[in-house]
Amino acid sequence: MIVREYRLVMPLTVDEYRVGQLYMVAKASQEETGQTAGEGIEIVKNEPYVENEHGMGPGQYTEKRMYLKSKVPSFVRMVMPETALVLTEYSWNAFPHCKTVYENEWLGQKFILSVESMHANEPGLAENPLNLKGADLEKRKVEYLNIACEDSYAPMSKGEDPRTFVSSESGRGKLAANWFLSPAIPVMCAYKVVRLQFKVLGLQKKVEEWGQFYGMQVPLIQYHRKLFCWIDEWFRLDMKKIRDMEQKTRDITKQKLHQPT
C-alpha cells in the first residue's frame with residue numbers, strides 16, 4: 001500500500017472552500033459525464049446522515065458509481081473485463097473532516113482506495129493533521145501541490161490558469177508561485193491522505209504508483225484550479241443553492257449516462 005498526504009494550499013477561507021468544492025464537483029460531473037459514451041458519474045444517494053462507522057460527526061452522505069473505461073490505463077484493462085471498470089464511491093462529508101472510500105466489485109479486497117481530508121485556515125504547516133498512526137504514519141509521504149505552478153504533467157487549461165485569472169467577486173487572482181506569502185490573500189489548506197492498494201500479482205507497484213500520481217495528484221491540481229477559477233460562479237451561493245445544484249446534477253448525469261449512443 002502507498003500512503004500519500006497531499007497538501008493543497010488555496011487562496012480561500014475554509015468556509016469559502018466548502019461551498020466552492022461542492023460547486024466544482026457538481027459542475028465538473030455535469031461537464032464530464034457523457035463526453036465518452038457510457039462514461040461518467042451516476043449519483044445514487046445524496047442525503048444527510050447522523051452517524052457512521054468511521055466515528056465522524058453528522059454531515060452529508062453520498063454514494064456514486066463511476067464508469068471509467070477509457071480513463072483506466074491499458075495495463076489494467078488487460079486484466080479486467082470492461083464490465084468491471086466501475087468504482088463505487090461512498091463519501092461522508094462532516095466538514096471540515098471528510099472521508100471517501102472506493103470499492104470495485106470485481107477486485108473485492110484486492111483493491112483498497114480511500115481519501116481522508118481535513119481543512120484548516122493555515123498554509124499547510126500541521127505536523128499530522130489527520131492523526132495518522134503506526135504503519136500509515138511510517139508510510140506517509142507528504143506532497144505540497146500548488147495550483148499556480150505548471151509542469152508537463154499538469155499543464156494549464158484555457159480559462160483555468162490561476163496565474164492570469166482575476167476574480168471580479170473577490171478581487172483575487174494572478175497568483176504568483178509564492179502567493180501564499182502575501183498577507184493580503186486569505187490562505188487555507190486542504191489536507192488529503194490517500195491510501196491505495198492494488199494486490200494483483202505483477203501489477204501492484206505499477207498500478208499503485210500510477211494511481212497515486214495520474215489518478216490522484218494530477219487531478220487534484222487540475223480540479224482545484226477549476227475551483228479557484230470558477231470562484232465568480234459560486235462565491236455568493238449558499239448551501240441551499242448548492243444542494244439544489246447537486247439535485248440538478250443527479251438528474252443531468254443520469255440522463256447523459258443512459259442516453260442512446
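Let's begin with Lys174, which lies in the loop between β7 (141–145) and β8 (188–198). Helices here are DSSP runs of H or I with at least four residues, strands are runs of E with at least two, and both are numbered from the N terminus. The model is predicted, so local features need pLDDT of at least 70 and side-chain atom pairs count only at pLDDT 80 or more, while totals for chains, interfaces and linings use all residues. Residues are numbered from 1 along each chain as its sequence is written, and side-chain values use heavy atoms, with hydrogens and water left out.

What is the phi of Lys174? Its value is near 50 degrees, positive in a residue other than glycine. Most residues other than glycine have a negative phi, and most peptide bonds are trans. Lys174 is exposed, with a relative accessible area of 57%; exposed means over 50%, buried under 20%, and partly exposed in between, using a 1.4 Å probe and protein chains only. Asn131 also has a positive phi near 50 degrees. Asn131 sits in the loop between β6 (111–120) and α3 (134–139), and it is exposed at 55% relative accessible area. For a cis peptide bond, look at Phe95 and Pro96, where omega is about 15 degrees. Pro96 belongs to the loop between β4 (86–94) and β5 (97–103).

Now for the rings. A pair of aromatic rings is described by the distance of the centres and the angle of the planes. Rings of Phe, Tyr and Trp (its six-membered ring) pair if their centres lie within 6.5 Å; planes under 30 degrees apart count as stacked, over 60 as edge-to-face and the rest as tilted. By this rule there are eight aromatic pairs. In one of them, Tyr153 and Tyr214 have ring centres 6.1 Å apart and planes at 70 degrees, so the pair is edge-to-face. This pair links Tyr153, in the loop between β7 and β8, with Tyr214 in helix α4 (residues 204–229), 61 residues apart. Tyr153 is partly exposed at 47% relative accessibility, and Tyr214 is partly exposed at 41%.

Phe165 and Phe228 form an edge-to-face pair too, because their centres are 5.6 Å apart and their planes lie at 85 degrees. Phe165 is in the loop between β7 and β8 and Phe228 is in helix α4, so the pair ties together parts 63 residues apart in sequence. Both Phe165 and Phe228 are buried. Ring pairs also join Tyr153, Trp210, Phe213 and Tyr214 into a cluster.
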